[in-house]
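Please keep the sequence and the structure in view while reading.

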Amino acid sequence: MLGEVSRRQFLKGAGASVAGSAMGALGFMGVEEAVAASIRPFKLANTTETRNTCPYCSVGCGIIMYSESSKADGKRKIMHIEGDVDHPTNRGTLCPKGAALLDFVNAPTRTKYPMHRAPGAKEFKRVSWEFALDRIAQLMKEDRDRNFVAKNKDGVTVNRWTTTGFLAASATTNETAFATYKVVRSAGMLVFDNQARV
Ligand code: SF4
């Protein structure tokens, strides 16, 4: 709606103006300008806001990621993350894991692409997504061909595949979760979980 001020916008503006207007109300005319001049530029003023969902658990808290172009290489970098006060789930709050998301994003040990450790090798090497997906599919097929159980010892059809597990992600969309579930269960896989245990 035009002219509507969100909780986030309100909180942003309120903090900066309270000090100055309170002094003005006490009769110190001109002090508002002095206070405004002394406040350092808001550190998020020139950043780009992107809304997202915390990836850790099934609570699904809303977050806002602030990014700006790096002076060193021109690439966009996330430099601040906070809870989204407009989000109906968390109303701006975050638990310690969510509050530490910036460290997670910038961690030097964060996995950003597929890695493969060949049989007998000591080191992981970066591989393409094509290689990784083909390799996973091949190994899954070989394992399923060897271990799929169509009927139990009483002759009852069970269609079980218990020797491979699937770890999905709780922060996906409903559509992705639906498609993942169908793939996993239609293959007969029983061991299926994600980080939220839902
Ligand atoms: S901020 Fe904490 S409670 Fe919220 S989704 Fe992330 S891990 Fe879960």
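## Terms and basis

Helices (H or I, at least four residues) and strands (E, at least two) are DSSP runs, numbered from the N terminus, and the expected span of a helix is 1.5 Å times one less than its number of residues. This is a predicted model, in which local features need pLDDT of at least 70 and side-chain atom pairs count only at pLDDT 80 or more, while totals for chains, interfaces and linings use all residues. Residues are numbered from 1 along each chain as its sequence is written.

Helix α5 covers residues 129-147, and its 19 residues should span 27 Å at 1.5 Å a residue, which agrees with the 27 Å between its end C-alpha atoms. A residue is called buried if 20 or more other C-beta atoms, placed from the backbone, lie within 10 Å of its own, exposed if 12 or fewer do, and partly exposed in between. By that criterion α5 is hardly covered, since the count of buried residues among its 19 residues is 0.

Just after α6, Gly188 takes a positive phi of about 95 degrees.

## The chain as a whole

The chain contains 6 helices and 8 strands, which follow the pattern α-α-β-β-β-α-α-β-β-α-β-β-α-β along the sequence. Of the 198 residues in the chain, 6% are buried. Taking two residues as in contact if their C-beta atoms, placed from the backbone, lie within 7 Å, residues 24 or more positions apart account for 39% of the contacts with a separation of 6 or more.

## Around the ligand

With a residue counted as near when its C-beta atom, placed from the backbone, lies within 6 Å of the molecule, the residues around the ligand are Cys54, Tyr56, Cys57, Val59, Gly60, Cys61, Asn90, Leu94, Cys95, Lys97 and Gly98. By class, this shell has 7 nonpolar, 3 polar and 1 charged residues, where Ala, Val, Leu, Ile, Met, Phe, Trp, Tyr, Cys and Pro count as nonpolar, Asp, Glu, Lys and Arg as charged, and the others, Gly among them, as polar.

Arg91, although not a glycine, has a positive phi of about 50 degrees; its place is in the loop between β3 (76-83) and α3 (96-99). Arg91 is partly exposed, because 13 other C-beta atoms lie within 10 Å.

Asn159, in strand β7 (residues 157-168), likewise has a positive phi, near 50 degrees, in a residue other than glycine. With 13 other C-beta atoms within 10 Å, Asn159 is partly exposed.
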